[in-house]
Amino acid sequence: MDFSQFLALHEEISLVAALVLLLVYDLFAPEKGRRHIPLVACLLLLAHTVFCACDFAASTGCPAAAGSRTAFAGMYDASQAALLFKNILNIGVLLVCLQACPFLRREDNGIKAGEFYFLLFSTLLGMYLMLSAGHFLLFFIGMETASIPMASLVAFDKHKTQSAEAGAKFILSSAFASGLSFFGLSLIYGGTGSLYFADIQSGLTATPLLLGGMVLLCSGLFFKISLVPYHLWAADVYEGAPTPVTTYLSVISKGAGVFALCLILTRAFPLFIEAWQTALYVLILLSITVGNLFALRQKNMKRFLAFSSISQAGYIVLGVFAASPAGLTALMYYIFVYILSNVAAFGVVQLVEQHAGRTDMAAYNGLYKTNPKLSVILMFALFSLAGIPPFAGFFSKFFIFAATAESGAYVLLLIALLNTVISLYYYLLVVKAMFILPPAEPADVPAFKSEAAPKFVLVVCTAGILLAGLVSCLYALIDRTVLLG
Amino acid sequence: MANIPMTYYLVLSTILFFAGIYGFITRRNLLAMLISVELILNATDINFAVFNRFLFPEHMEGLFFALFSIAISAAETAIAIAIIINIYRNLKHIEAQKLNELNDLK
């Protein structure tokens, strides 16, 4: 075997290097140095992010190297769009890592800081493999590498029963989901005789066996993206998991899941486009509507954001439904903007939780009086999620609706539009609580100063929310990359 | 081995698959639910091995997938059992129905 093929896996090698360095540091650092593990992890990830960005710039710069990069007889097949998407994920993970710093400085977590980042990076590695697979074996190894460490992260607060409960719910539903996927895949293997995306595409015939296989295979992915009716685990897990992990689950895992769904549907099952478009139509409709209706009645911020993210997932999948380059571009752009807005929202929730120990919505009454800056940031984030101009969320929604309109599904588009109005109502409820309702006496959330790392994350996210829509080169870059293939 | 037709294996794996789903939905003990998931994964492995052996004997793709799937499910079980043990330490039970601290009704 020719081991030099591994050299084609630039991002993966760089991430594995960062992982190993972190592990070595965690093992051999003196007692004093262990306090700096979050810093070391963030620096390593920053170096990795910069390396990936340079690598991406180099590969788009010279036309000879552009296009997809393959290794292991097509098992690894990274398109240019997947490379760009990995960069988007890097930025998101870096933000989450910084956001997690105060959580890991807590006394009981200090000793586990290294493991936290190790697990986080492993899930990222899994997502990389999933995004650049050309064969279902690599795809599933990636998917499991992404979700198994995730379960231990969800159950990270060992002594909190909520965290343990969330962990059990997550691992059981994710194992069940992958079981369904595997079974569906075995049916597809029986029908086509191969596990390469390309061979499956050429061997497809419209038999019930293969259609059933595809449905089962995709159900597993719908679980990871938490589309309705596969969403039942989401709210509980989001509420019980430590807040940085919730952030990671709601933005990074979800984003990677949608991109992977798009990848396998367009690469392996283009023949079944009518079947999967119909299925997605129903799922999107349900996700957007049910997610919104349940978000209306939530009293806990983390559950509230969980249901909001279920309905956001519906909007993101609109990009898959469109099944066009414009749809893929809109999808990647939406996920980028969604990462910024949701990390900002969860960042504020985490800070309030850290300083006041509460995540229920009543604690936010009159937050503006005590912590005006945080309130404004949370308002920006929620407006961006709702899609109000001039925030970036408006532009991402605009592009994804434009792509849907191109595919001709006007009824779906209309319902999605109506739902943005409903979502605006419940986002405004939070804004109203912060700015208009009087605070309790004495204030639930005292005025506090946050640490440097989460403050930096909030500033970056706010800048992103304000600028990502107005600076058009970002969308142009994604568009160019998608057209390269 | 060749005397047993392929259909028999497929019937077995289908029964295993649906028994797994049924168990996952009806069982109220976390370990029993985990075992049900294992049934589903075993059904998958049988399917892969059978399809490979009977329909596509020229390549080994299915058998390899089955091998990897066994390894993956072992990892999954290890994590799940670790989490279940943690629940037992905290709550002194592993009944799914009593795991209701996180819910909509607060």
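Hello everyone, and thanks for coming. What we have here is a predicted model, where local features need pLDDT of at least 70, side-chain atom pairs count only at pLDDT 80 or more, and totals for chains, interfaces and linings use all residues. Residues are numbered from 1 along each chain as its sequence is written, chains are lettered from A and ligands numbered from 1 in the order in which they are written, and side-chain values use heavy atoms, with hydrogens and water left out.

Let's start with the interface. Chain B and chain A bury about 4,000 Å² between them, and carbon and sulfur atoms give 71% of that. On the chain B side, E61(B), F65(B) and L102(B) lose the most area to chain A, together 18% of what that side buries. Taking contact as heavy atoms within 4.5 Å, 41 residues of chain B and 51 residues of chain A take part.

How many salt bridges cross between chain B and chain A? The rule, a side-chain nitrogen of Lys or Arg within 4 Å of a carboxyl oxygen of Asp or Glu, finds zero there. Polar contacts are another matter. These are pairs of N or O atoms within 3.5 Å; within protein, one must be able to donate a hydrogen and the other to accept it, and residues adjacent in sequence count only if both atoms are side-chain atoms. Between chain B and chain A, 12 residue pairs are in polar contact, both at pLDDT 80 or more.

Which helix of chain B gives the most to the side that touches chain A? That is α3(B), with 15 residues. A word on naming: helices (H or I, at least four residues) and strands (E, at least two) are DSSP runs, numbered from the N terminus. By class, this side of chain B has 26 nonpolar, 10 polar and five charged residues; Ala, Val, Leu, Ile, Met, Phe, Trp, Tyr, Cys and Pro count as nonpolar, Asp, Glu, Lys and Arg as charged, and the others, Gly among them, as polar.

Now into chain A. Helix α3 (residues 80-99) and helix α19 (residues 452-467) of chain A pack at about 145°, their axes 8 Å apart. Axes are lines fitted to C-alpha atoms, for helices over the stretch in contact, and angles run from 0 to 180 degrees between N-to-C directions. From α3(A) come L95(A), L98(A) and Q99(A), meeting residues of α19(A) that include F456(A) and V460(A). The residues of this contact divide into eight nonpolar, one polar and no charged.

K86(A) lies in helix α3 of chain A and E12(A) in helix α1 (residues 10-28), so the pair ties together parts 74 residues apart in sequence.

Last, some backbone details. Most residues other than glycine have a negative phi, and most peptide bonds are trans. V228(A) and P229(A) are joined by a cis peptide bond, omega about 5°, and P229(A) sits in the loop between α9 and α10 of chain A. The bond from P389(A) to P390(A) is also cis, with omega near 5°. A73(A), in the loop between β1 and β2 of chain A, has a positive phi, near 55°.

Terms used
Buried area is the accessible area (1.4 Å probe) that two parts lose on being put together, summed over both.
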